[in-house]
Amino acid sequence: MNEPILRSIRGGAHAPVRHDSAVGHLTGRALYVDDVPVVPETLHAALVLSPHAHARIRQIDLSRALACPGVVAAIVAADIPGKNDIGPIRSDEPLLPKDVVEYEGQPVVAVAADTLDHARAAAKLVKIDYEVLPAVVSLNEAIERKLYVSPPQTMQRGDVEAELKGAPHRLSGEFACGGQDHFYLEGQVALAVPGEGPDMVVYSSTQHPTEVQHGVAHLLGLPFNMVTVEVRRMGGGFGGKESQATMIAGIAAVLARKAGRPVKLRLPRDDDMRATGKRHPFLFRYDIGFDGDGRILALDLMLAANGGNVADHTPAVITRALCHADNGYWLPSLRFVALPCKTNTVSNTAFRGYGGPQGMFAIETILDTVARRLGIPLEELRRRNFYGIGRNDVTPYGMKVEDNILERMTDELERTVDLAGWREEVLAFNRVSPVIKKGLATMPIKFGISFNRPALNQAGALVSVYTDGSVTLNHGGTEMGQGLFIKVAQVVAEAFQIDIENIRVSATTTAKVPNTSPTAASCGSDLNGMAALNAAEQIKGRMTAIAANHFDVPESEILFAANRIYAGNRSLSFSELALLCWDQRVSLSATGYYRTPKINWDFQTNTGRPFYYFVYGVAATEVAIDTLTGEMRVLRAELLQDCGKSLNPALDLGQIEGAFVQGMGWLTTEELWWDSAGRLKTHGPSTYKIPGSRDVPPRFNVRILSDAPNAEATIFRSKAVGEPPLMLAISVWLAIRDAIASLTDYKLAPSLDAPATPERILSAIVDIRARADRSADGGAVSASSR
């Protein structure tokens with residue numbers, strides 16, 4: 001074979017190529033929506049947010065606001081020309097409330113003026129007369145009153161009551177995990193530009209351009225083809241710019257329609273945190289039966305999610321929580337009941353993991369409690385309940401676990417980090433340290449990849465080759481810092497066997513690729529990579545035919561390699577062949593399409609195959625707590641993540657690290673707190689603590705599992721990586737429990753909710769010591785984990 005063919009291309013699949021916008025991110029030259037040069041006459045918008053969690057709107061007086069300098073327009077619900085509804089799943093989710101506000105921070109009025117200062121000053125002068133109504137803020141109250149944003153969901157197998165009654169051991173309890181703000185670096189922002197006639201172009205910081213397109217079209221009373229949505233990049237999303245971005249874009253578009261001028265709406269951080277949804281807080285109640293060896297016989301589990309004031313993504317989030325409450329364990333008899341509770345708080349929404357973290361948090365907390373009750377190491381108890389291979393391998397929703405590598409990964413991690421020796425070091429430290437206590441815990445994950453709604457598992461792409469050999473790529477995925485654009489570009493580079501520098505990825509726009517799915521559920525590379533590959537292969541097939549004719553050889557002898565096209569010892573450059581194709585009137589543009597195979601879901605029974613495959617991972621984490629103050633530090637974390645055959649190991653490592661740290665924040669420092677009147681009091685970095693650089697474990701080692709290509713035919717046998725590693729951070733939570741349990745020789749399960757703030761840790765320390773004292777005095781000790 002010729003020497004040129006042996007040379008590899010730069011930046012093909014599986015290469016650790018840097019992010020395409022890395023230099024732009026570091027230098028500040030990367031353009032976001034707020035950086036887009038605005039045309040003259042562009043207006044700036046500000047919102048008037050409800051000060052009440054629940055109130056009737058008696059009257060809105062805009063007169064003083066409209067009289068302010070520079071003010072051009074203001075809108076209320078009555079000014080929406082189309083349908084006042086932006087619900088992503090269920091209807092009746094208004095852009096602006098007509099009669100009743102249902103959460104503190106809900107946008108009621110929007111004002112547009114010539115400057116942002118003028119808009120904000122005018123917004124303060126809007127006068128609204130409210131009749132304050134009783135508000136439901138507590139999740140417990142919503143459960144008791146059976147207040148739901150959508151119907152409850154159940155997943156069941158076996159005779160739970162009989163198995164619980166006959167179990168040798170039985171425990172019940174209650175515990176909770178809090179929500180989490182997305183805290184993306186770039187806040188919610190949109191720029192709406194009226195076009196000719198009724199057309200509207202919207203530049204939106206959104207993970208779902210098609211949803212924004214549909215939402216704006218509904219609000220303006222237009223067909224979808226008259227609304228174009230474009231996004232080049234986001235400064236973070238994490239699910240918070242999936243449905244929530246529609247509200248921002250919709251307000252900007254309605255103002256632009258009324259004013260007849262472009263309108264930009266950019267939320268300040270405080271307004272962003274008050275007005276937009278979060279990760280769902282959950283309350284869990286369980287009743288579990290098990291034998292003396294720790295094998296689970298039956299589990300009755302309630303998962304109550306605080307959905308907020310409207311459905312938003314809650315119905316789908318609780319479905320995904322149900323599908324992950326088994327994690328990697330065979331549960332022969334079970335009843336999972338998910339309650340989508342309605343409260344007078346902001347509508348909670350999609351967030352990285354989408355219910356999966358809460359489901360896994362539940363089962364892991366329960367297993368930790370069982371292990372301590374029996375005096376069995378948690379790792380051993382897990383092994384006794386892992387899904388088998390060829391046996392005990394069917395999930396609660398009826399999907400067979402076909403590619404189980406969890407035990408293999410657990411073995412590899414324990415061997416690599418010498419888990420037994422590490423644990424002995426922790427025990428030795430605790431024996432001589434009366435105040436500072438250490439904890440060590442592991443965490444295995446089995447996370448399903450695909451949208452539970454089958455229709456969303458499809459994607460399109462547009463690939464164009466120019467006569468100089470350069471390539472433009474467009475697809476329906478959005479770039480939010482995760483590296484999707486460069487990964488899909490690597491796919492096209494691999495297909496054409498050309499250097500990555502020859503490929504330009506253009507901004508995502510509904511004008512080029514219609515009917516897109518959201519960039520979510522960790523499916524961005526899976527879906528858009530396959531769609532782009534499909535388009536590239538169509539063009540490559542046409543180019544192959546032209547090359548074969550040119551060289552007078554069969555098509556089977558044509559080889560694309562190292563930026564050239566070979567027929568034996570003869571060759572053309574890729575650009576020469578592109579020009580030859582054009583000269584012979586052969587199309588060099590193609591639309592690609594992909595839909596995920598094998599998946600199905602029955603929404604009535606909550607059964608089917610909702611996932612194309614599973615991603616696995618394991619982690620071990622060491623923490624230290626101060627038993628006098630409740631302060632906590634993560635000292636060491638060891639992660640082993642399954643990425644299949646990684647498309648880009650450099651980017652995947654970054655995603656794993658970032659996900660783990662974000663998961664740490666959810667479970668330790670990020671506390672959302674509403675007062676009794678339903679007012680969010682943690683709505684800025686001064687009161688809401690996300691992890692900083694000094695919160696990252698000083699010993700933080702991440703490895704990608706080697707020699708483990710995806711068993712399913714995904715894009716070059718890779719696996720998704722965006723969401724799964726977040727749940728490895730549950731090892732931090734379990735390690736905190738382990739440190740607290742060390743105060744009673746590890747025999748009692750701590751009563752601890754998440755996030756494990758210093759106050760909660762200190763309270764758990766006081767509680768476990770009191771329970772130990774009662775036990776020593778011969779008193780009964782509650783089996784509850786709370």
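User: What covers the buried residues of α12?

Analyst: Helix α12 spans residues 378–385, where helices (H or I, at least four residues) and strands (E, at least two) are DSSP runs numbered from the N terminus. Its residues L378, E379, L381, R382 and N385 are buried, that is, under 20% relative accessible area, whereas exposed means over 50% and partly exposed lies in between (1.4 Å probe, protein chains only). Taking contact as heavy atoms within 4.5 Å, the elements that cover these residues include β14 (296–308), α11 (356–374), α13 (406–417), α14 (419–432), β16 (436–449) and α19 (730–741).

User: Which pLDDT do side-chain atom pairs need in order to count?

Analyst: Residues are numbered from 1 along each chain as its sequence is written, and side-chain values use heavy atoms, with hydrogens and water left out. This is a predicted model, in which local features need pLDDT of at least 70, totals for chains, interfaces and linings use all residues, and side-chain atom pairs count only at pLDDT 80 or more.

User: Are E186 and K241, which form a salt bridge, buried or exposed?

Analyst: Their closest N and O atoms are 2.9 Å apart. E186 belongs to the loop between β8 and β9, while K241 belongs to the loop between β11 and α8, so that the pair, 55 residues apart, links distant parts of the chain. By relative accessible area, E186 and K241 are both buried.

User: How many disulfides are there?

Analyst: A disulfide is a pair of cysteine sulfur atoms within 2.5 Å. For C177, which counts as buried at 3% relative accessibility, the closest cysteine sulfur is in C341, and the 13 Å between the two is too far for a bond. By this rule, the number of disulfides is 0.

User: Which strands are the edge strands of the open sheet of 8 strands?

Analyst: The sheet has mixed pairing and the order β3-β5-β1-β12-β9-β10-β11-β20, where two strands pair if DSSP finds at least two bridges between them. An edge strand pairs on one side only, and this holds for β3 (71–75) and β20 (508–509).

User: Which residue in β12 stands opposite A192?

Analyst: Strand β9 (residues 189–194) pairs with strand β12 (residues 263–266) in the antiparallel sense, over 4 bridges. Opposite A192, the residue in β12 is V263.

User: Which residue in the turn between β22 and β23 has a positive phi?

Analyst: Strand β22 is joined to strand β23 (residues 570–573) by 4 bridges, and the two run antiparallel. They form a hairpin with 2 residues between them, and the turn residue with a positive phi, about 70°, is G568.

Note on methods. Salt bridge = Lys/Arg side-chain N within 4 Å of Asp/Glu carboxyl O.
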